[in-house]
Every structure is written in structure tokens, then in C-alpha cells.
Amino acid sequence: MLFRMIRGVLFHQKGKMLLIALTIMLGASLATGMLNVVMGVEEKVNKELKNYGANIVVKPKDSSLLADIYDVGEGAELNAAWLREDELGKLKTIFWAFNIVDFTPFLDAQATLPDGSTAKVTGTWFNHHLDLPTGESLDTGVVSMRSWWDVTEGRWLDERDENAGAEIMAGALLAQRMGWHAGDTVHIAAAQGEMDVTIAGIYDAGGDEDEQLFATLDLVQALTGREGKVASVEVSALTTPDNELARRAARNPAALSSRDYETWYCTAYVSAVCYQIQEVMTGSVASAVRKVAESEGTILDKTKLLMILITALSLIGSALGISNLVTASVMERSQEIGLLKAIGAKDRSITGVVMTEILITALIGSAAGYFLGFGFAQLIGHSVFGSSIEMNTQVIPIVAGLIALVTVAGSLPAIRMVLRLRPAEVLHGGH
Amino acid sequence: MTKRKMFLRMITASLLRRRSRMLIALLSIGIGATILAGLVTIYVDVPRQMGAQFRSYGANMLILPREGETLTRADLDETLQAIPREELVGAAPYRYVRLDMTSRQQSFTAAGTDFAGVTQTSPYFSVEGAYPAQTRELLVGKEIAETIGVKVGSTMELTWQPTAAASELSPEESRVPGASLSGSAEGFGGGMVYVTAALNEDAAIDSLTVDVSTQTAEYGGRIPEDETFLAQFTGKTLPLTLGEDVDALSGATVTSGAIVDALNRAVQAAAPAKPRTVIFTVTGILTTGGEEEGYVFLSLQDMESMTGSDRLDVVELSVSAGADQLQTYADAVTGSGGKAQARLVKRVTRSEASVLEKLTALVFLVTLVVLLLTMICVSTTMMAVVSERRREIGLRKALGASDSSIRAEFLGEGLFLGLLGGVMGAVLGFVFAQAVSVNVFGSSITFQPLLLPAAILVSMAIAALSCLLPIRRAVAIDPALVLKGE
């Protein structure tokens with residue numbers, strides 16, 4: 001009998017039930033869409049923030065200060081500590097390897113130009129192809145880590161090109177001073193060698209780098225006689241904003257309790273990633289570039305909080321909308337309920353019938369809403385970040401619980417009110 | 001009773017009698033309007049608020065002295081007028097010199113700066129201890145601190161050696177051979193005489209130019225044409241004595257004396273300053289992860305008293321403005337013809353533009369989706385409330401009410417609800433946006449006056465639209481059928 005009544009309502013009152021299902025669907029899709037976006041936004045924004053360049057710099061232990069502080073020139077072998085180029089692949093084997101987006105080694109030399117003046121020539125990767133010990137491969141280099149550079153003339157140096165080893169890129173200010181253009185061949189000399197190089201392109205970096213030269217790592221290693229050595233590595237990693245634990249750990253990881261240590265080590269804090277890099281690179285010191293790391297944290301936190309608050313608003317809005325409609329639709333059926341009461345139906349069974357109808361409608365509506373909302377999340381992901389937002393399974397129970405709660409909460413006051421009505425009055429038509 | 005009064009009475013009566021249903025309708029419109037007003041306010045304000053957060057990446061504009069010019073603090077205030085005060089987050093002037101720590105035979109790059117400005121332009125500086133608050137206090141980079149083993153509270157004796165600093169002085173100020181000197185002195189009748197002398201490798205006069213336009217043409221004014229008089233100066237080392245090193249031009253003794261005086265003054269002003277030693281107290285250790293860790297920082301006052309010059313090498317500015325606006329300011333500074341030129345820090349401006357664009361687009365799309373769904377939600381509720389009254393409509397029609405009068409009444413009711421809900425929503429929405437802004441960005445939001453009428457209009461339109469659809473269906477049906485309850 002119960003089933004029959006419910007079926008009757010669902011089929012005979014198609015219009016009304018459809019309206020409820022539609023509203024619930026919209027509410028559910030809003031909740032799904034927003035929750036998916038909120039959970040995926042941190043990763044997306046984090047990737048966007050990689051535009052600012054590296055947030056970790058790895059240098060050889062004990063040597064980092066010497067060249068800067070004492071102003072020792074090229075050839076003074078004070079700066080005797082180096083990182084090993086063959087160890088760079090190990091960066092992708094640390095615990096948070098997946099979070100390391102890009103990394104690029106650097107090796108500087110002082111080069112003598114044809115007119116006798118000197119300029120800093122930096123050896124680095126441009127679009128280097130690296131086969132990792134794990135069997136994967138990675139393309140990385142300054143092309144992605146200096147996203148703000150404008151190549152004003154010529155093109156980016158391409159490492160896949162067979163002439164790449166005899167090419168160089170010149171900073172805009174240096175090129176202007178020397179009267180160089182893309183395609184020119186110039187002669188440069190350094191401590192251990194000299195060679196003719198072709199200018200592949202001229203870049204505008206808007207900083208000190210405009211007065212420098214950039215060449216392949218191999219070329220600078222050959223010029224300086226430092227084969228297989230690099231002076232520093234810039235690493236771009238996706239990290240979690242620092243909290244109190246991370247700050248404590250950054251000062252001295254050894255002072256943490258073993259439980260805290262585990263939490264810290266297994267969270268992508270910038271200090272934890274630095275620590276793990278030091279573990280795999282011989283004689284290295286990895287430190288966070290606070291300018292980038294700190295700002296990333298601030299912006300990520302703010303964006304996430306903003307999205308959470310907007311989500312909260314839209315959730316409250318859709319919850320109220322749904323419960324409103326449910327209340328309205330139950331009240332509307334006061335006549336029918338009055339009739340049921342008049343022929344002797346118990347309060348409990350009336351409630352049961354009404355609630356079952358509504359919950360079935362809600363189930364259908366929210367199932368449809370979940371997929372619609374997921375579609376909205378993808379729409380936002382693709383049009384804003386150009387990549388899809390991952391389906392987050394945590395969202396399903398949250399949305400289901402929310403819709404159930406809202407539907408029941410919306411129907412209860414209306415049902416109570418209707419049950420209190422006297423059947424005669426209701427059937428008579430008074431409201 | 002006029003027709004209009006009757007109409008109003010019907011609407012108010014319907015609203016009052018059917019309190020609970022009307023409350024539901026009003027609530028749903030109110031929610032819609034709240035979300036509309038709240039989200040739009042946030043959306044409009046997000047670029048500004050987020051832009052301010054991006055200032056934590058540090059300076060996005062640099063002010064440098066124009067080639068051959070020197071920039072002082074006085075020039076800086078003039079330059080900064082090109083940038084609106086409310087958009088200027090902070091300005092930190094820097095002067096870099098090398099200071100020696102004689103006790104350890106080491107020398108460091110020292111930056112003289114204004115620490116109040118630094119905290120604003122470089123909020124990412126992490127200081128263990130405190131920033132220097134008064135003179136003779138020092139902030140030491142972490143790398144230096146670790147190398148030489150200083151801690152907060154230690155003292156450091158730093159010496160400024162004029163020769164060590166000579167290479168970073170401008171040609172005018174240079175105290176080395178091969179530079180040029182200029183000076184002035186009072187000549188005949190109180191007119192000023194200006195001289196410029198170029199020195200050769202042995203610091204002797206190589207060539208001399210004089211400006212005696214204030215002197216009497218027949219006497220002192222003849223000097224620039226008098227080759228023999230000027231030739232006496234070549235090869236002489238300053239300072240000079242009139243009558244011993246050089247002879248006065250007859251008839252222009254006062255002017256000749258003024259030239260010698262001007263030269264002597266110029267060389268005295270440019271004479272190598274004495275080394276100065278100051279004992280500093282270390283108040284803080286700086287960690288940045290960048291090259292700043294290899295510097296020591298002191299106040300500009302200390303820098304000026306040590307080097308005897310108030311020139312600046314660079315001023316870092318943090319300006320809260322978009323990339324295009326920044327370029328306009330930079331052009332204004334560079335184009336003003338002053339001593340300064342401005343450059344944008346491309347790494348910061350470019351990246352900020354791209355990230356901010358994405359964030360704005362994100363909030364825009366989210367706002368759009370939420371608004372769309374909410375508005376549909378509102379109208380379904382309205383529709384449910386109205387279609388419930390089909391019996392009433394049928395009854396009225398049976399009593400002889402015309403379709404248009406029924407429509408007008410329901411529409412009036414809907415518009416009234418829309419108005420009420422819109423006002424409610426605009427106020428609540430602003431409260432919500434304000435709460436978000438304070439919580440997320442820690443600053444209050446600007447009220448968008450246009451949003452009040454917009455919220456009211458949108459809610460009235462939605463209320464009216466969602467009334468019309470069910471009414472149209474209701475009035476189209478035969479009253480008998482409706483009343484029968486089909």
C-alpha cells in the first residue's frame with residue numbers, strides 16, 4: 001500500500017515532484033561543483049604560482065658565501081665545493097618527488113668579450129631532456145623557470161639542436177652595449193678555454209640577467225674545466241604553506257618528537273622538501289627562497305579561504321532554497337493529508353509516506369546534481385586553469401549528507417504544522 | 001473605494017493572510033539577492049585585495065639614478081609624487097658600500113636603508129631578533145652571521161675606507177686621478193665664477209674651462225679668450241697659490257683669484273675623506289634564502305655619517321597597481337626629466353599579472369555559476385508557491401475576474417516581494433562580503449552603491465518572471481477544472 005501511494009504521488013504529481021527534483025539537483029550540483037573546485041584550487045593556484053620561479057635553491061655546503069662576500073674573482077680556487085651534475089636526477093627520487101615541478105642547474109664563469117670587457121656567462125639547461133633513475137623522463141630548464149623573460153630577437157636556445165653546444169643567449173642590455181644581434185658569431189674566452197659562439201637569441205629579463213650571457217651547461221663546464229660540476233640548482237616545488245610545526249622543524253628537525261618528525265617529513269612543507277633534497281645530493285645545502293616560498297603560502301591560504309567562504313555562502317543558499325521548496329510543497333498538500341487523517345491514517349504513517357516521497361525525489365535529484373556539478377567544476381577548471389579538476393571522492397558523502405539533512409530539516413516543520421491541523425478544517429478549505 | 005486602493009488591499013491582505021507561504025517566497029528571494037550582492041561585491045573587490053597580497057613578493061618597481069646623475073633622499077620625495085599615495089605600499093631606499101671588519105680582515109657589502117620601508121617592500125624578510133631601531137645598530141645576513149659567528153647582541157666594528165668605495169662613486173665625486181672637478185667662487189662685484197677641471201693620471205690639471213659670464217666683459221670677461229693665462233694651469237697640481245703657481249691676468253686680479261679659489265675649493269671638497277669606524281650592535285639576523293643573507297644592513301643615517309654622502313644607489317618601490325598602470329607610473333617618473341629613472345621588476349609584474357588574471361577569472365566563473373543556479377532555485381520556489389494558488393485563481397475567474405486583473409495582482413505581489421527581498425539581500429550581501437574581506441584579507445571592502453538598485457531590479461525581475469509562468473497556466477485552464485482540483 002505504501003509503495004502504491006508513493007508511486008501514485010511520484011507519477012500523478014509529476015510536475016510538482018519534478019520541480020522539487022530540479023531544485024535539489026541544482027542545489028546538489030552547486031555543492032558538488034564548489035566543493036570540487038575548493039579542493040582542487042590549491043593545487044591549481046600552486047602551479048600558477050610557479051611563474052615566480054624557484055622556491056628552493058641548492059648550493060654546495062660551506063662555499064655559498066665565499067664568492068659573494070670576499071668578491072673573489074674567477075680562478076681563485078676558494079670556491080672549491082661543487083654539486084655533482086650526475087646527481088641531479090636523484091631530485092626526482094625523494095619522498096615528495098611528485099611535487100618537484102622543475103629544476104635547473106647553474107654554473108657561472110667570467111667571460112672575456114671581444115672588446116676586452118668581461119661579462120658573467122651562466123651555463124644552464126634550457127629545455128633539457130633528462131632520463132630519470134626511476135625510468136621516467138623529464139623536460140626541464142630555464143625556458144619554464146624564467147617564464148617572465150621576453151626573447152626580443154632570435155629564439156630560445158634549443159638543446160635538441162645539434163649546434164646548441166656552440167650557441168649562446170645574450171641579455172638585452174649587454175647586446176645593446178656590444179651591438180650584437182641574433183645570428184652574430186662572437187668570440188668569448190674564460191679561464192680554461194675560448195671559443196666562437198653564435199647568438200641564438202636576445203632576451204629581456206628586466207633585471208641583472210640583462211647584462212649576462214646564458215649558454216648550455218656543457219659549454220660553460222668546458223670553458224672553465226669543471227666537467228660534471230654545477231654551482232647551484234634552482235628547484236620549483238609544489239609546497240604546503242608553513243605552519244607552526246614547519247617553522248619549528250626548519251630550525252632543527254632533530255629536535256622534533258618522532259611523531260612530529262613523521263608528520264613533518266610526510267607533508268610537503270618547503271623545509272621538509274629541502275631536507276629531503278639534502279639527503280640525496282652530496283654536500284648540499286638546500287634553502288627556501290623566502291621571497292617566493294612565503295608569498296606562495298600567503299596567496300594559497302587567502303585563495304583557499306576565499307573559496308571556502310564563497311562555497312559556504314552558496315551551500316547555505318542552496319540549503320535554504322531546497323528546504324524552502326520542500327516546506328512549500330508539503331504545505332500545499334494539506335488537503336490530501338487532511339483527507340488521509342479523516343479516513344484514519346496515523347500521524348506516523350503519513351509522515352512516513354511524505355518523507356519517503358521526498359527522499360526518493362531528493363535521491364534522484366542529487367544524483368543528477370552530482371554529475372551536473374562535476375561538469376561545472378570541469379568547466380571552471382578548463383576555462384580558468386586549462387586543466388581538469390580531479391574528481392574528489394570526499395565530495396560524495398558530504399553532498400549526500402548535506403542534501404539529506406536539508407531535505408529532512410525542510411520537511412519537518414511543514415509536516416508538524418500539517419499534522420496539527422484538524423482534518424475537518426482542512427477539508428473545508430480554510431487555511 | 002478606488003480601484004487602486006482595492007488592488008493594494010488585495011495584495012497586502014494576501015501577503016498578511018498567507019504569512020507562512022509568503023515568508024517562504026520572501027526568504028528565497030532574499031537568499032538569492034544576498035548571494036548576488038555578496039558575490040558581486042567580492043568579485044569587484046578581489047583584484048584589488050588580492051593585488052595587495054601579491055605585494056608580499058617584494059618590490060615591483062626600482063628607481064635608479066639617471067646616468068651621470070646622483071640621487072639623494074630629497075630627490076626621492078619629488079620622484080614619488082608621480083605615484084598616488086594610496087597605491088604606494090612602501091619605498092625602501094638603498095645605498096650599497098663595502099665596509100671592512102678590520103679585526104677579522106674581512107669586508108662585507110653593507111646596505112644603508114630605511115627599515116620602516118623595508119618591512120613594507122620586503123615582508124618576506126625573516127629577522128631573528130629585531131630590526132635596528134636607532135643608529136649604530138646592525139642587521140646581519142644569516143650567512144655572514146654563521147661565518148663570523150655573531151649573534152643578536154654581539155658588537156661589530158666596521159670601517160669605511162674611502163678608497164675602497166671610490167669605484168662606486170660618480171665621476172663628479174671621484175677622488176681618484178683622471179676624474180674631473182668643478183667648483184665656484186665669488187668674483188668681481190659679487191658675480192659667481194664657475195670652473196671645471198679635468199685631472200690627468202697624475203692628478204694634475206689636464207684641461208680647464210671657466211664660466212665668467214657674470215664678470216665685466218673688458219676685464220674678467222676676457223679670460224676665456226686668453227690662452228696664455230689658461231695655459232699656466234695645465235700640469236699644475238692643486239691646490240694653487242695666486243702669484244706663485246699662477247700669475248693673475250692684469251686688470252682682472254679679482255676674477256683670476258676667484259678662479260684659483262674655485263679650483264682649490266673643488267679639490268678640497270673632493271679630497272679623500274678619512275676612514276670612519278663605527279661600533280655597531282647586532283640587533284637581528286636576517287634569513288631570506290637569497291643573496292641578502294650575505295649583506296649587513298644599517299640605517300641610512302649611519303651610512304651618511306660614515307661615508308659623508310647622502311646619495312642613493314637604488315630605491316625599491318612596492319606599488320599596488322596592475323602591470324599597465326605600473327608602466328604608466330614608470331614612464332611618468334622617467335619622463336619627468338628629474339634625476340631618476342624607473343624600471344619595472346619584470347619577474348614580479350609579469351608573474352603577478354598572469355596569476356591575478358587566473359584568480360579573477362576563477363572568482364568570476366564561480367560567481368556566475370553560483371548566481372545562475374541560485375536564481376533558478378529562487379524561481380522554482382516562487383513557482384511552487386504561486387502554482388499552489390490555482391484554486392484561488394479558478395475561484396476568482398468563476399466570480400468574473402478578468403485574466404489581466406488576476407495577472408496584475410499576482411505580478412504586483414511578486415514585484416513587491418522582489419523589492420523587499422532585494423533590499424534585504426543587498427544589505428545582507430554587503431555584510432557577508434564585509435565578513436569575508438575582513439577574515440580573508442584583513443581589510444574592509446568598498447561598498448558598491450550601484451549594487452543596491454541592481455540587486456533590487458534582478459530580484460524583482462526574477463520574482464515577476466517566476467510568477468508569470470504558473471499564472472499563465474492557471475488562467476488558461478477552465479475554472480471549473482481548477483476548482484474541481486485536477
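Chain B contains 15 helices and 15 strands. The structure is a predicted model, with an ipTM of 0.75 and a pTM of 0.72. For chain B the mean pLDDT is 81, and 92% of the residues reach 70 or more. Among the elements of this chain, the highest mean pLDDT, 93, belongs to strand β12 (residues 295-299) of chain B, whereas the lowest, 50, belongs to helix α6 (residues 162-166) of chain B.

The overall form of chain B was examined next. Its radius of gyration is 39 Å, while a compact globule of 486 residues would have a value near 23 Å. The C-alpha trace of chain B spans about 130 × 65 × 35 Å along its principal axes. Of the 486 residues of chain B, 42% count as buried. Among contacts in chain B with a separation of 6 or more, 78% are between residues 24 or more positions apart.

In chain B, domain 1 comprises residues 3-53 and 353-484, domain 2 comprises 60-167 and 275-344, and domain 3 comprises 180-269. The centres of domain 2 and domain 3 of chain B, taken over C-alpha atoms, are separated by 39 Å. Chain A is divided into domain 1, formed by residues 2-46 and 300-428, and domain 2, formed by residues 55-288. A distance of 55 Å lies between the C-alpha centres of domain 1 and domain 2 of chain A.

The two chains meet through 58 residues of chain B, which are in contact with 56 residues of chain A. On the side of chain B that touches chain A, at least two residues each are supplied by α2 (19-54), α5 (142-148), α11 and α13 (403-441) of chain B. The largest share of this side, 24 residues, is contributed by α11(B). By residue class, the side of chain B that touches chain A consists of 31 nonpolar, 19 polar and eight charged residues.

Nonpolar packing was considered across both chains. In soluble globular proteins, nonpolar side chains tend to be buried together. The largest nonpolar core of the model has 224 residues, and those with the most contacts inside it are I56(A), V235(A), I277(A) and V296(B). Helix α11 (residues 346-387) of chain B provides the largest share of this core, with 19 residues. A second, separate core of 19 residues includes V195(B), L199(B), I223(B) and F233(B). In chain A, when residues up to four places away in sequence are not counted, V235(A) touches A54(A), I56(A), V58(A), L91(A), I100(A), F103(A) and I277(A).

One glycine of chain B was examined individually. G117(B) is located in helix α4 (residues 115-121) of chain B. G117(B) is classed as buried because 21 other C-beta atoms lie within 10 Å, the cut-off being 20 or more. Apart from its neighbours within four places in sequence, G117(B) is in contact with G90(B), A91(B), A92(B) and P93(B). Between G117(B) and L356(B) the C-alpha to C-alpha distance is 25 Å, and the two residues are 239 residues apart in sequence.

Technical notes: Residues are numbered from 1 along each chain as its sequence is written. Chains are lettered from A and ligands numbered from 1 in the order in which they are written. This is a predicted model: local features need pLDDT of at least 70, side-chain atom pairs count only at pLDDT 80 or more; totals for chains, interfaces and linings use all residues. A nonpolar core is a set of buried Ala, Val, Leu, Ile, Met, Phe, Trp, Tyr and Cys residues joined through C-beta atoms within 7 Å. A residue is buried if 20 or more other C-beta atoms lie within 10 Å of its own, exposed if 12 or fewer, and partly exposed in between; C-beta atoms are placed from the backbone. Helices (H or I, at least four residues) and strands (E, at least two) are DSSP runs, numbered from the N terminus. Two residues are in contact if their C-beta atoms, placed from the backbone, lie within 7 Å. pLDDT is the predictor's confidence in each residue, from 0 to 100. Ala, Val, Leu, Ile, Met, Phe, Trp, Tyr, Cys and Pro count as nonpolar, Asp, Glu, Lys and Arg as charged, and the others, Gly among them, as polar. The radius of gyration is taken over C-alpha atoms; the globule rule is 2.2 Å times the number of residues to the power 0.38. Domain bounds come from an automatic or database domain assignment.
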